[in-house]
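Thank you all for making the time this morning.

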Protein chains: 2
Amino acid sequence: MAGIVEFEKHPADTLKVGKGFSLAKADPDATPGYSGNKADGEALLADLDGKLTALQEMLFAESRFGGRKRILLVLQAMDTAGKGGIVNHVMATMDPQGVQFKAFKAPTEEEKSYDFLWRIEKAVPAAGMVGIFDRSHYEDVLIHKVHNWVTPEELKRRYRAINEFERRQTDAGTTVIKVMLNISKDEQKARLLARLDDPAKHWKYSGGDLKERAFWQDYMDAYQAAFDETSKDHAPWYVVPANKKWYARIAVQQLVLAALSDLRLEWPKAEFDVPIERELVERS
Amino acid sequence: MAGIVEFEKHPADTLKVGKGFSLAKADPDATPGYSGNKADGEALLADLDGKLTALQEMLFAESRFGGRKRILLVLQAMDTAGKGGIVNHVMATMDPQGVQFKAFKAPTEEEKSYDFLWRIEKAVPAAGMVGIFDRSHYEDVLIHKVHNWVTPEELKRRYRAINEFERRQTDAGTTVIKVMLNISKDEQKARLLARLDDPAKHWKYSGGDLKERAFWQDYMDAYQAAFDETSKDHAPWYVVPANKKWYARIAVQQLVLAALSDLRLEWPKAEFDVPIERELVERS
């Protein structure tokens, strides 16, 4: 087996949305911090699977003994950008016992009758869990802004509410990782056409995708505004170039790995006397 | 790559609990219907991963267009029998979007204040989903019977309630697969000792395991009674020999694959005119 090509610069540094970040200048084709090709990326992804699942198991184990740490990965993107692929190819290797996956669709009538964070609160990860949001509370400042479903004042209120909500999560032990998968408008066209060319993918195609595509620039503006308002040190945004699916996957894997490593997890110490228990088992 | 060794007789036939089944006569070391070895089994498992995920995606896709089919896999076993391994190595390859995993622990005070099926009903899979129960409503006729927490009358009521409950699920489009992973008492001892020998596994060890182990034969009797009362054509039990973990995994994979195949799934037909949509995307 050939050597594994690692990142030269960590995505946690290169992809983080800081002061002055401009989405317009972010290149969806780029592979920041990584000089390998597709095959290298796929090998790296597979190579780190085991590490990811081991860390996740440790996170889960800690919580059985009172640990309060947890992870929340928020995935946002334009249609076809590859959220599903991230979930399937990066996160699905983890133990389902320790993963809380939640896809947020258009809100139900009941959900609409509450504040926008009501349904989000119900889906946050419990201690020890890795939560994954496929879309999230950010829809309420993205599609809602694009279509002017909210006043500027309400939009402002939502940004503030989101910041307070996320601050509360991190204060309670949650590491929040917010990822925007950044594809180009041309790449989306190619992927929509590919869906139409494959009968096994027709079910994923909806006329609604085209309708939102017509608002591409408005969405980019809404993302930029969301980054400006809500990328905070305690809950930063990462804009991940996603025209190359393999790159987006290894980049997100690195972000989750870094978050888990930063937690300095340890296997819980035995609260029993091992030799005595051994003896009891032997005799049983 | 060497050729794949397939099953000669399908586990859906060889492992099904029918009239006159005797758990006492079931060999936990056996590999019914399969002549391959561990390496063959692992290769078979990996080889069928793709088929399993494709069928599961089709099940999910159907439900987006009104399909009502779904799967419920119930896993029951003595401690250390390998439920977690089944979830991680067989089921975790599926798209988390289409999987509902639920581990039933000791009931909370709130859950205890309802009928035993109350918390179960809340966790049944939605249309298009593959549900996995790690333990289940069967705890209420297993541990409860073993420790005489219920009268014989109440036990009878529970069997009947379970049968009616499961019948309702299958009538609503659910394929119910009930699996008991069958390990021997000696094998459990070996696995408990292995846990004690590995600090990374201490968190999985609990003195409670030993306590229940002391009631081994009572548990076997309770399982036998549950099989006698609740293995029905519409919701059969399968007793899967589990001393060899690799065998248990390929056997359960076969059971789930067979259930999915029996549903005769198809990709939903496009409800739009493909050439027209292509043209619209091209121009967008």
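Predicted model: local features only at pLDDT ≥ 70, side-chain atom pairs only at ≥ 80, totals over all residues.

Let me start at the interface, where 38 residues of chain B are in contact with 38 residues of chain A, contact meaning heavy atoms within 4.5 Å. As for conventions, residues are numbered from 1 along each chain as its sequence is written, chains are lettered from A and ligands numbered from 1 in the order in which they are written, and side-chain values use heavy atoms, with hydrogens and water left out.

How are the two chains related? Chain B can be laid on chain A with an RMSD of 0.0 Å by a turn of 180° and a shift of 0.0 Å along the axis, where the superposition is by least squares on the C-alpha atoms of residues with pLDDT of at least 70 in both copies. The two copies are thus related as by a two-fold rotation axis, and in chain B the C-alpha nearest that axis belongs to B:Ala92, at 3.1 Å from it. Consistent with this, 100% of the interface residues of chain B are also interface residues in chain A, so the copies meet through the same surface.

The size of an interface is often given as the accessible area lost when the parts come together. Here the area buried between chain B and chain A is about 3700 Å², with carbon and sulfur atoms giving 65% of it; buried area is the accessible area, taken with a 1.4 Å probe, that two parts lose on being put together, summed over both.

Turning to specific interactions across the interface, the count between chain B and chain A is four salt bridges, a salt bridge being a side-chain nitrogen of Lys or Arg within 4 Å of a carboxyl oxygen of Asp or Glu. One of them pairs A:Arg278 with B:Asp197, whose closest N and O atoms are 2.9 Å apart. There are also twelve residue pairs in polar contact between the chains, both residues being at pLDDT 80 or more. A polar contact is a pair of N or O atoms within 3.5 Å; within protein, one must be able to donate a hydrogen and the other to accept it, and residues adjacent in sequence count only if both atoms are side-chain atoms.

Which elements of chain B give two or more residues to the side that touches chain A? They are α2 (38-64), α3 (83-91), α8 (185-197), α9 (207-213) and α12 (274-283) of chain B, helices here being DSSP runs of H or I with at least four residues and strands being runs of E with at least two, numbered from the N terminus. The largest share, six residues, comes from α12(B).

B:Thr230 is buried, with a relative accessible area of 0%, where buried means under 20%, exposed over 50% and partly exposed in between, with a 1.4 Å probe and protein chains only. The side chain of B:Thr230 makes polar contacts with the side chain of B:Tyr138 at 3.4 Å and with that of B:Trp237 at 2.9 Å.

In chain A, A:Lys178 forms a salt bridge with A:Glu166, the closest N and O atoms being 2.6 Å apart. This pair links distant parts of the chain, since A:Lys178 is in strand β4 and A:Glu166 in helix α7 (residues 152-171) of chain A, twelve residues apart. Are these two partners buried or exposed? Both count as buried, A:Lys178 at 0% relative accessibility and A:Glu166 at 2%.

For contrast in setting, consider B:Arg157 and B:Glu154, which form a salt bridge with closest N and O atoms 2.9 Å apart. Both lie in helix α7 (residues 152-171) of chain B, three residues apart, about one turn of the helix. B:Arg157 counts as partly exposed at 32% relative accessibility, and B:Glu154 likewise counts as partly exposed at 22%. In chain A, salt bridges that share partners join A:Asp115, A:Glu154, A:Arg157 and A:Arg158 into one network.
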